[in-house]
Amino acid sequence: MNKIITNVDSVIAERVTSIDFFRGFTMFILIIENTHLIRLFRSVEGSSILQFISTQFSHQRWEGIHFWDLIQPAFMFIVGVAIPFAVANRKRKGDSDSRILHHAFKRSFILLLLGWWLYCIGPGEIVFRFQNVLAQLSVTYLVAFLIMKKSIRFQLIVSLAILLFIDLAYRYFPVAGFTNPWVDGQNLGAWFNTLLQPESNGAGWATLNFVSTTAHTIWGVLCGILLMSDRPAIKKIKILVIAGISALIVGYALHWLDVTPIIKKIATSSFVLASGGYVILALALSYWLMDVKKLFPRFSKAFIIVGMNCIFIYMFNALGGSGILHEIFTPFTTTFFSWAGDFTVGLIQGSAVYISLWYLCYWLYEKRLFIKI
């Protein structure tokens, strides 16, 4: 009888194209923010299509989900999916348990350091902010790694217990001024923000999101273990689809029944469930297209190239690399295309930046240079 593998130490991981594709596609979407293309679409009045696109590529102001709200969950999830494969490959190369554990702690620390450091660059002084994906991932990655060898049931229970804990914590947090769980600036997440930044009012993105979004990375690990198992591909897809739909139903039910609203900025339990459902279904689709049907190999490679240097492209954007590319292209686009209007100039310039970002990843790929931690 086919069983889901729970001991990744004994497995030689085969390459799963859909994982590389999923990671690359997520990063490819993420870098569009700094091309200014979405800002350009938003500036066009009278076009319902462009307005819809620009809306979906912006975060929901408070309650609800836009497409853009799924990017961070997708990245944290796919990191989890890759963990069992990475551990199995390290085992195959002869790494001991202690060495793998040391690497996990080291990676977690570097992610935290990079995520924190990015917030210090703009102000030019040390500030304590940890809301970005790298800082959040440093915690979720480590927790998911540490419980990976436990049973599937144990990991699932831990993920759901985390969501229950944070939901109750938001509801019953006892500090005056922060007792409105679903009101921006008046909840547990806001209070925790003020501990790190006393000069702020705590509103907006909550640093405490690393608690609830740990579930995304744990679920990623579970899906990775499933993909490594000897189950037939169609059964793997069925399990992923059932899991994804179940998470969506529960997440939206909590929202529609006014139990817990879907709020990305404080990563409510309903948001984590709904967004987790979407990304699990996206993985199922990717697995079916790329690994089962083996469709679009050239198309998938374009995204895989980006995914293989995801840390580089993330840091390049965060450190202003896209801005430099804009400055490089501005003289040429304004000189040669100003006759076509501002929209055309912006479209060509944004597209040129986008292509250049991809080409940087391609160049590194061709040179076999991969930035990893």
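Colleague: Where does A267 lie?
Modeller: In this predicted model, A267 lies in the loop between α11 and α12.

Colleague: Is A267 buried or exposed there?
Modeller: A267 is buried, because its relative accessible area is 2%, and buried means under 20%.

Colleague: What about the phi of A267?
Modeller: The phi of A267 is positive, about 45 degrees, although A267 is not a glycine. Most residues other than glycine have a negative phi.

Colleague: Which residue other than glycine has a positive phi near 55 degrees?
Modeller: That is R368, which is not a glycine and has a phi near 55 degrees. R368 belongs to the segment after α16 (342–366).

Colleague: Buried or exposed, in the case of R368?
Modeller: R368 is exposed, with a relative accessible area of 53%.

Colleague: Where does the charged end of R368 sit?
Modeller: The charged end of R368 sits over the ring of Y365, at 4.8 Å from the ring centre.

Colleague: And over which ring does the charged end of K265 sit?
Modeller: The charged end of K265 sits over the ring of W205, 5.5 Å from its centre.

Colleague: How many Å separate the C-alpha atoms of F370 and G220?
Modeller: They are separated by 23 Å, and the two residues are 150 residues apart along the chain.

Colleague: Changing topic, how many aromatic pairs does the structure hold?
Modeller: The structure holds 20 aromatic pairs. One of them joins Y141 and F145, whose rings are stacked, with 6.4 Å from centre to centre and 25 degrees between the planes.

Colleague: Where do Y141 and F145 lie?
Modeller: Both lie in helix α6 (residues 133–146), 4 residues apart, which is about one turn of the helix. An α-helix has 3.6 residues a turn, so residues three or four places apart point the same way.

Colleague: Why is the pair of Y252 and Y278 edge-to-face?
Modeller: The pair is edge-to-face because the planes of the two rings stand at 90 degrees, and planes over 60 degrees apart count as edge-to-face. The ring centres are 6.3 Å apart.

Colleague: Which helices hold Y252 and Y278?
Modeller: Y252 is in helix α11 (residues 233–256) and Y278 is in helix α12 (residues 269–292). The two are 26 residues apart, and the pair links distant parts of the chain.

Colleague: What is the accessibility of each?
Modeller: Y252 is buried, with a relative accessible area of 18%, whereas Y278 counts as partly exposed at 32% relative accessibility.

Colleague: Which residues do ring pairs link into a cluster?
Modeller: The cluster consists of F21, F25, F28, F299, F303 and Y354, linked by ring pairs.

Colleague: F21 is also part of the contact between α1 and α12. At what angle do those helices pack?
Modeller: Helix α1 (residues 17–30) packs against α12 at an angle of about 125 degrees, with the axes 8 Å apart. That angle makes α1 oblique to α12. The crossing of α1 past α12 is right-handed.

Colleague: Which residues make that contact?
Modeller: From α1 they are T17, S18, F21 and F22. From α12 they are V279, A282, L283, S286, Y287, M290 and D291.

Colleague: Another residue, then: where does H216 lie?
Modeller: H216 lies in helix α10 (residues 214–228), and at 0% relative accessibility H216 counts as buried.

Colleague: What is H216 in contact with?
Modeller: Leaving aside its neighbours within four places in sequence, H216 is in contact with P73, M76, F77, V272, S275 and G276.

Colleague: Last topic, which residues of helix α14 are buried?
Modeller: In α14 (residues 310–318), the buried residues include C310, I311, I313, Y314, M315 and N317. The helix is followed by G320, whose phi is positive, near 95 degrees.

Note on methods:
Residues are numbered from 1 along each chain as its sequence is written. This is a predicted model: local features need pLDDT of at least 70, side-chain atom pairs count only at pLDDT 80 or more; totals for chains, interfaces and linings use all residues. Side-chain values use heavy atoms; hydrogens and water are left out. Rings of Phe, Tyr and Trp (its six-membered ring) pair if their centres lie within 6.5 Å; planes under 30 degrees apart count as stacked, over 60 as edge-to-face and the rest as tilted. Buried means under 20% relative accessible area, exposed over 50%, partly exposed in between (1.4 Å probe, protein chains only). A charge sits over a ring if NZ of Lys or CZ of Arg is within 6 Å of the ring centre and within 35 degrees of the ring normal. Axes are lines fitted to C-alpha atoms, for helices over the stretch in contact, and angles run from 0 to 180 degrees between N-to-C directions. Angles under 35 degrees count as roughly parallel, over 145 as roughly antiparallel, 65 to 115 as roughly perpendicular and the rest as oblique. A crossing is left-handed if the near helix is turned anticlockwise from the far one by less than a right angle, and right-handed if clockwise. Contact means heavy atoms within 4.5 Å.
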